[in-house]
Amino acid sequence: MAVLPPTVHPIEPPSGSLIDFGAQIEGIDLETLSDEQFTTIRNALYHHHVVVFKNQRNISPKAQYELTKRFDPQADNYGHGKTIDAKRSILHPDLKTVPHQPQVQIIGNGFVEAYEGLENFQLRHPHHRTFHRDHIPDDKDYDYTRFYRWHIDAALYDLNPPQVTTLLAVRVPKGRRQTLLYDDGSGETMDVPLGTTAFVSGERMFELLSPAEQEFVRTSKIEYAPHPYIWMSPAHSRSTGLGLHSEGLELPPTDLPPIEQDKIKIFPMLWKNPITGKLSLQIHPSAIRRIHLADGSVIDDLERVRDIVYKLQRPGISPQYVYAHDWEEGDLVLFNNRGVLHSVVGAFKPEEVRLFRQCNLAASEPPVGP
């Protein structure tokens, strides 16, 4: 019996949506991935940015790691390296490591008796109240939600941003949806699945800019804070609730671990797609520290830096440009970490168990600018 070639189907946008990215791939066994099949996946990923594989509940952590590594064979360490072990990092409470495949992390919500060599562990879903200055009232917490924090998966200190991230849904609570509030005076809202992962396209974010703004981002660079996930750990975002950046209570350099100047990262604002050559506006907004301009000058007033970046990014996260994935158990989502930003969304009840596996690897090369 002939084996049918894999198929790639663009995701059909919901009514009113203007998303122009996302695809589903069928007909590939990720446990026994051939070079030809990987070429199909790679082409789909860099044209569609978010790729969904259904019914992958049995994929092993090893195969998930190997799929992730195929995009950067020289990469081998988890995207945040050992800094994730720092107790003060805001990421530390949210992750558990698969003991026999340490590049793969377990994330989610609720108590899990046993999974992949771990026993009796508690997962914590990031909640907007831990990062936002103003909170949705407790009595409305399960009906309404916000973006937690728009970001790129990246250490942003010492290590290069991963090429891709893979997310596998092992257990997914169902039964209700939430209304996502923008809370910035726009009155915009989104109806979202419980615990969705929200994605926006960096290419669309760039396209929405004026010609003057496009020239600005084409010629400017972002400097990120040293040890950013410790630096921002006590911070709160603006009262808009959009998760675009933190402000106000960052730690001074004297309260951070030792800083090595050669490990501070300065990246272009625009990152080039390795297949299409298109440019994406790729900025991790809550970790930014300075803007380096084309003439060699530097904007180092943090409030001004944040205001500039906020105005550049805000149009691209309007509801019509957000893809909110409706997770089903067995979904494996592969996304272009250098072409989209994403955010955790949602508030779970304690008994709603959500179990996911995540893998990304610190890249062997920095992103390429214009």
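Colleague: Before we go on, what should I know about the model itself?

Modeller: It's a predicted model, so to speak of local features we need pLDDT of at least 70, and side-chain atom pairs count only at pLDDT 80 or more, while totals for chains, interfaces and linings use all residues. Residues are numbered from 1 along each chain as its sequence is written, and side-chain values use heavy atoms, with hydrogens and water left out.

Colleague: Ok, back to rings. How are Tyr-46 and Phe-71 arranged?

Modeller: Edge-to-face, at 6.2 Å centre to centre and with 70° between the planes. Tyr-46 is in helix α1 and Phe-71 in the loop between α2 and β4 (96–97), 25 residues apart, so the pair links distant parts of the chain. Helices (H or I, at least four residues) and strands (E, at least two) are DSSP runs, numbered from the N terminus.

Colleague: Are those two buried or exposed?

Modeller: Tyr-46 and Phe-71 are both buried. Buried means under 20% relative accessible area, exposed is over 50%, and partly exposed is in between (1.4 Å probe, protein chains only).

Colleague: And Trp-327 with Phe-356, what sort of pair is that?

Modeller: Their ring centres are 4.7 Å apart and the planes are at 80°, so that pair is edge-to-face. Trp-327 lies in the loop between β20 (323–325) and β21, and Phe-356 in strand β23 (residues 354–360), so the pair ties together parts 29 residues apart in sequence. Trp-327 and Phe-356 are both buried.

Colleague: Which charged end sits over the ring of Phe-356?

Modeller: That of Arg-354, 3.8 Å from the ring centre. Lys-349 does likewise over the ring of Tyr-142, 5.6 Å from its centre. The rule there is NZ of Lys or CZ of Arg within 6 Å of the ring centre and within 35 degrees of the ring normal.

Colleague: How many residues of β23 are buried?

Modeller: 7 of its 7. Arg-354, Phe-356, Gln-358 and Asn-360 point one way from β23, and Leu-355, Arg-357 and Cys-359 the other way.

Colleague: Which strand runs antiparallel to β23 and is joined to it by 6 bridges?

Modeller: β5 (residues 104–115) is one, and β8 also pairs with β23 in the antiparallel sense over 6 bridges. Two strands pair if DSSP finds at least two bridges between them. Arg-357 in β23 is the bridge partner of Ile-106, and also of Leu-168.

Colleague: Switching topic: what's α1 like, and what covers its buried residues?

Modeller: Helix α1 (residues 35–48) has 14 residues and reaches 20 Å from its first C-alpha to its last, close to the 20 Å expected at 1.5 Å a residue. That expected span is 1.5 Å times one less than the number of residues. Its buried residues include Phe-38, Ile-41 and Leu-45. The cover, by contact (heavy atoms within 4.5 Å), includes β1 (7–10), β3 (50–53) and β21 (332–336).

Colleague: What follows α1?

Modeller: His-49, whose phi is positive, near 75°.

Definitions and conventions. Rings of Phe, Tyr and Trp (its six-membered ring) pair if their centres lie within 6.5 Å; planes under 30 degrees apart count as stacked, over 60 as edge-to-face and the rest as tilted.
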